[in-house]
Structure formats: structure tokens, C-alpha cells
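Here's a quick briefing to read alongside the model. Have the sequence and the 3D view open as you go.

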Amino acid sequence: MTYHHRFLIAAPHSGSGKTTVTSVVLAGLRARGLSVQPFKAGPDYLDPTHLSRAAGMTARNLDSFLLPEDRLLHLFARASSGADVSVIEGLMGLYDGRDPSTDLHSSAHLARLLGCPVVLVIDAGGMARTVAAVAAGLRDFGAGSDIAGVILNRVGSARHADLCAAALAQVNIPVFGHLPKQGALGLPSRHLGLLAAERHAANREALERAALTLDLDALLSATRRVRPAAVSAPVLIGPRVRIALARDEAFSFYYQDALDSLEEAGAELVPFSPLHDACVPEAGGLLIGGGYPEAYAERLSANASMRASVRAFAASGRPVVAECGGLMYLGQSLETEDQGYPMCAVIPYRTRMAGRLTLGYRDAEVLHPSPLAPAGTQVRAHEFHYSALVGEATVPAYLIGGKPEGYANGNVLASYLHLHLSADPALSESFVRACRRFI
């Protein structure tokens, strides 16, 4: 019988080094000649970039809030079907979800959905025997938690690692190795982390060297599972339609499965750069995802021909969908601490850097019809931004907890909300159908 290995890497809390350890594990498995499919739990856009580099395969997001359970399992099975190993990096602490009274939408919840064991990353700095108490507490706290073992992070010495392993043996929890204290593998995170990631990506050789201190044989033996069934490819209905996709340093926040969903619905995605190109490519629709336009505000503003091209594209009646950073780009101007920069003037808002983070999952109702959905549609989304809209909400896109959000007027949809288009194929199908009218 053919076997497929899969496991989720979790931790007691954020900042334990999950992304670093996961990247080392991925690189070590890859160095063995294994095909390794990385996943990231939750809505994060940064960590998948590190995981993709380490594995040599595009990381996928698995978010149990944004994705219905059947869709999540389908996407996991599809991506895993051709891999030898699937490695999922968890989010926050093992049991942290939306509500402290339950582990719903947590790493533990995701591991149960996928039927995979958990490998704990424990920051052992300043601890020895207490490491066993932490690991055993996590194992025993959650009903049905399958803790396969521990990887120790930020270990001071070989003697320190031995002390921790001896303590863990007393509670019957295996150790799959350790990583020492070092700054070379520390990966950037949080706001503007993707910018830092481009300059501070741990190289493959360093990750592979770090993996030599891990017992990958023991880890694989403890995480063997039957290979997921292959998933059949969707059948394309109708001609393909070109959709221009803004993708460069300023706009890079896209879920790979969401882009796949558009292609399955009949889109031919045509990447272009609002920073470097002179105009939007010829297409039936335009998609501008999130990113960090504030970090490139002066250059985006200076590219007047592109701003005029985006404005003309929207005025032509062709569908335009913009999320978060894309919303900021479509506005009248983008105001940083120093000054304001003219943007595309497609929507009647200015955006101002607020210095305060707006973050969280959102349940929203579509207020006005858009290229994605008719009025009354219920959607789930994620919000993460440091800017705020300035201007009157003339034609809001969504209603969230009784408050209007975004802009939806005819062919233009612009919002701070990040939707996962794979959550409901009807969203992608609606967008592609609207674009086909302009073939």
C-alpha cells in the first residue's frame, strides 16, 4: 500500500519559531528527494512565501473559517495528491481560535479535520524539565489531540537538548531533534514582512544544514498516513477570458487556491505591474489584490500612465475587483505620514495611514451587486490593514455587524475585505461570467 506522510507543526504560542522550524523541516525533507507540499493554517500571506521557498512548491492556505469544511478537505486532498509529504504550519498557539471558550478554527481544530498528527515546536530557552510540563499539558488539554512529538527550538547546547529530552521521556513524548539559538535563520514577520522577506530569506543551504540536527526518520515514522485520493480536474465550460492580475512588489497578496479557482472558472490570468508597466494589458476584467502600496506610494503615483489606464479600464464598464491594497490604489489619494500621493481616482475615497491595525475575521452581507456576487450574498473574509478610508460611504459593498464597508458601484468592487474565492466557486464563476461579456 502507498503511504503519504502528513503532519501539522504547532506551538504553545506565537513567536515560538513555527515558521523557521517548518522551513527547516521542509528543506530537510526536500534534500532527501521527497516531494513536499507546504500549507499554512489561517489567512496569513507572509509565512507561505517562506514555506514555498523552502519546499520548492507553492504553499497553500487552509483556513477553517474562510473555507467551508468540504472545500478545505477538497483543496487539501487536491494539493497533497501528488506529494510524498504534506506539512502544515499552524497559527498562533495550538488551541487558539476565534473564541477562548473553544478551539474552533485553531490549529488543533484543523489537525482533527485533516486527521493528521501534531508536531510541537517548543521554545526551550530558559527551560529544561518544564518543557515536559508544557508538552504534556498541550497533549492532555484537548480531547482527541494526536501529539506525535516535539522539536525543541532555541536550544542553548547539546547538554541542554539532552536535559529536555530526558524530561520529555518521562511523559512519553518523543523528541525529533532541536535547533540551536541563532539569528541566521530568524525570519521577518508582521507588517511589511514581505518586503523584509525579499531581502532576508534564509537560503536553502542554511536550512538544509539546520535540518541535520533533526531526526526526520523518526518524524516520518510517527506521521505515516494513507495517501489522500486523487481529485479529478474540473471541466471548463465556455471560452477562456483574460483577466489582468496586478502582481509586483506592491501587490502580492493572493491565495493560490483562489487564483486556481478563477482559472477553473475559465480565466486566463495575465500578470502586470502597476509599478513598472505603462498600462493595463488587454483583458475582460481587472483584479488588484492586497499588498503594501503605502511602501511604494511615490512610485505608484509617479506612474501616471498606469493610473490613467486603470481609470480608463474602469470607465469602460469592464469588471474591476480590488482588495485592501487594491482599494487604496483605486482611491483618490494615499496619505502617508509625510504627504499625500494621487492614485487612480476610480472610487470616491482617500486612504490615510492610521498607525493602528485593523485585524480580524468578518462575516459580511453583500449590500450592492458586484462582479463577484448579487446583493444579499453572505460571505466570510479577513481584514488586516493599517490605513483608513476618508470620505462618505456612498455605495458601500458590504454590511458587517451593522456597519457599511467598501465600495460597490456597477462594475467596480473595492473593499478592505480579503475573500477566499475558493470558499465558494460561484464567486469566481460570477467574476469570469461578467468578464466574458467583453470578449
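Helices (H or I, at least four residues) and strands (E, at least two) are DSSP runs, numbered from the N terminus. This is a predicted model, where local features need pLDDT of at least 70, side-chain atom pairs count only at pLDDT 80 or more, and totals for chains, interfaces and linings use all residues. Residues are numbered from 1 along each chain as its sequence is written, and side-chain values use heavy atoms, with hydrogens and water left out.

**A lone arginine**
- R71 sits in helix 3 (residues 69-80).
- Buried means under 20% relative accessible area, exposed over 50%, and partly exposed in between (1.4 Å probe, protein chains only).
- A salt bridge here is a side-chain nitrogen of Lys or Arg within 4 Å of a carboxyl oxygen of Asp or Glu.
- R71 is buried but has no salt bridge, and E264, the nearest side chain of opposite charge, is 5.2 Å away; for charge, Lys and Arg count as positive and Asp and Glu as negative, with His and the chain ends not counted.
- Setting aside neighbours within four places in sequence, R71 is in contact (heavy atoms within 4.5 Å) with S422, A423 and P425.

- Two strands pair if DSSP finds at least two bridges between them.
- Six strands make an open sheet with mixed pairing, in the order 11-9-12-14-22-21.
- Strand 11 (267-272) and strand 21 (407-409) are the edges, each pairing on one side only.
- Strand 21 runs antiparallel to strand 22 (residues 412-415) over 3 bridges, and A408 stands opposite L413 in strand 22.

**Salt bridges**
- The whole structure has 18 salt bridges.
- One of them joins K40 and E89, with the closest N and O atoms 3.2 Å apart; K40 is in strand 2 (residues 36-41) and E89 in strand 4 (residues 85-89), 49 residues apart.
- K40 counts as buried at 4% relative accessibility, and E89 does too, at 1%.
- R318 pairs with E282, closest N and O atoms 3.5 Å apart; R318 is buried at 15% relative accessible area, whereas E282 is exposed at 60%.
- E335 bridges to R352 at 2.9 Å between the closest N and O atoms. E335 lies in strand 15 (residues 333-335) and R352 in strand 17 (residues 350-366), so the pair ties together parts 17 residues apart in sequence.

**Cysteines**
- How many disulfides (pairs of cysteine sulfur atoms within 2.5 Å) does a search of the whole structure find? It finds 0.
- C435 is buried at 0% relative accessible area, and its sulfur is 18 Å from the closest cysteine sulfur, in C279, so that's too far for a bond.

Key
Disulfide = S-S within 2.5 Å.
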